[in-house]
Amino acid sequence: MKQGGSDAAKQAAGESAAEAVEDGMVVGLGTGSTAAHAIRAIGRAVDAGLDVVGVPTSFQSRQLARDCGIPLADLDDVSVDLAIDGADEVADGDLIKGGGAAHAREKIVDANADRFLVVADPTKEAERLSVPVPVEILPMARSTVATAVEDVGGNPVLRRAERKDGPVVTDNGNLVLDCDFGSIDDPATLASDLAALPGVVEHGLFVDTADEIHLGTADGVTVRTLSK
Ligand SMILES: O=C(CO)[C@H](O)[C@H](O)COP(=O)(O)O
């Protein structure tokens, strides 16, 4: 995953997207270090009297939102006006997500929002998507999905935890295969190929889902509006 962006750039992007949050909104709260800046900015606005409800996309974003004093709701009970989330790579409006293994819940919340704002720093921009695609899988399907990923041209690697022996286990109790397809020339076809594999819970290709990209730098933010 690309982790090179400066914190100032991430902060600029996160705070720019948080400015789109209006009184009365239900806001999808993304996962990762860039989305965390948006959550903190929303928390400061709540402190100052903004009336919003957040729908977290992970244990991590739930915890941060609680610490920031943002009231929370379950997706079952609300409809999301605006989602703000990070990305591991952005190319032509399509995304690869899941560096934090949260892409299954992120996709549900982001895809169900009226508007989805992506927050990123310039290290995430690419001509074509090419970082490995995280694929969340049921544990019993590890080897069958790995073989099927190879059959569609990928090289799957089980994601291992950094601070414990064994694999990363997602918030949903599943495993993650990081699947390298090289430079992806048809993200939509790959997305449907991966979605069709038995045992795949969700993959990290987000094709044509974003409405705006807020690209932060240390000197300011560029906002790109996408036509879907
Ligand atoms: O998809 C994600 C988590 O599953 C994150 O949004 C993505 O990894 C970007 O994280 P960061 O802003 O820390 O670079």
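This is a predicted model: local features need pLDDT of at least 70, side-chain atom pairs count only at pLDDT 80 or more; totals for chains, interfaces and linings use all residues.
The chain holds six helices and 13 strands, both taken as DSSP runs numbered from the N terminus (helices are H or I of at least four residues, strands are E of at least two). With a radius of gyration of 17 Å, close to the 17 Å that the globule rule gives for 228 residues, the chain is as compact as a globular protein of that length; the radius is taken over C-alpha atoms, and the rule is 2.2 Å times the number of residues to the power 0.38. Along the principal axes, the C-alpha atoms fill a box of roughly 55 × 35 × 35 Å. Of the 228 residues, 48% count as buried (20 or more other C-beta atoms within 10 Å of the residue's own; exposed means 12 or fewer, partly exposed in between, with C-beta atoms placed from the backbone).

We can turn next to the sheet that contains Leu29. Six strands make up an open sheet with mixed pairing, in the order β2-β1-β3-β6-β12-β13; two strands pair if DSSP finds at least two bridges between them. At the edges stand β2 (53-56) and β13 (220-225), each with a single partner strand, so one side of each is left without a neighbour in the sheet. On average, neighbouring strands here are turned by 20° against each other, direction ignored (axes are lines fitted to C-alpha atoms, for helices over the stretch in contact, and angles run from 0 to 180 degrees between N-to-C directions). The parallel pairing of β1 (residues 26-29) with β2 runs over four bridges.

Two helices pack on this sheet. Helix α1 (residues 7-18) touches β3 (82-85), β6 (115-120), β12 (212-217) and β13, and its direction makes about 140° with that of β12; contact means that C-beta atoms, placed from the backbone, lie within 7 Å. Helix α3 (residues 59-67) touches β1 and β2, at about 155° to the direction of β2. Nine of the twelve residues of α1 are buried, among them Lys10, Gln11 and Ser16. Their cover includes α2 (33-47) as well as β3, β6, β12 and β13.

A second open sheet has four strands in the order β8-β9-β7-β10, with antiparallel pairing. Its edges are β8 (155-158) and β10 (200-203), each with a single partner strand, so one side of each is left without a neighbour in the sheet. Neighbouring strands of this sheet are turned by 30° against each other on average, direction ignored. Strands β7 (residues 133-137) and β9 (residues 175-180) pair over five bridges, and Glu136 stands opposite Val176 in β9. Helix α5 (residues 142-151) lies across β7, β8, β9 and β10, at about 15° to β9, while α4 lies across β7 and β10, at about 65° to β10.

Helix α4 (residues 103-111) also holds Glu106, which an unreviewed UniProt entry annotates as "active site". Such positions are given in the numbering used here with shortened feature names, and the annotations may be inferred rather than shown by experiment. Glu106 is buried, with 31 other C-beta atoms within 10 Å. Leaving aside residues up to four places away in sequence, Glu106 touches Gly30, Thr31, Thr57, Asp85 and Lys97.

Conventions:
Residues are numbered from 1 along each chain as its sequence is written.
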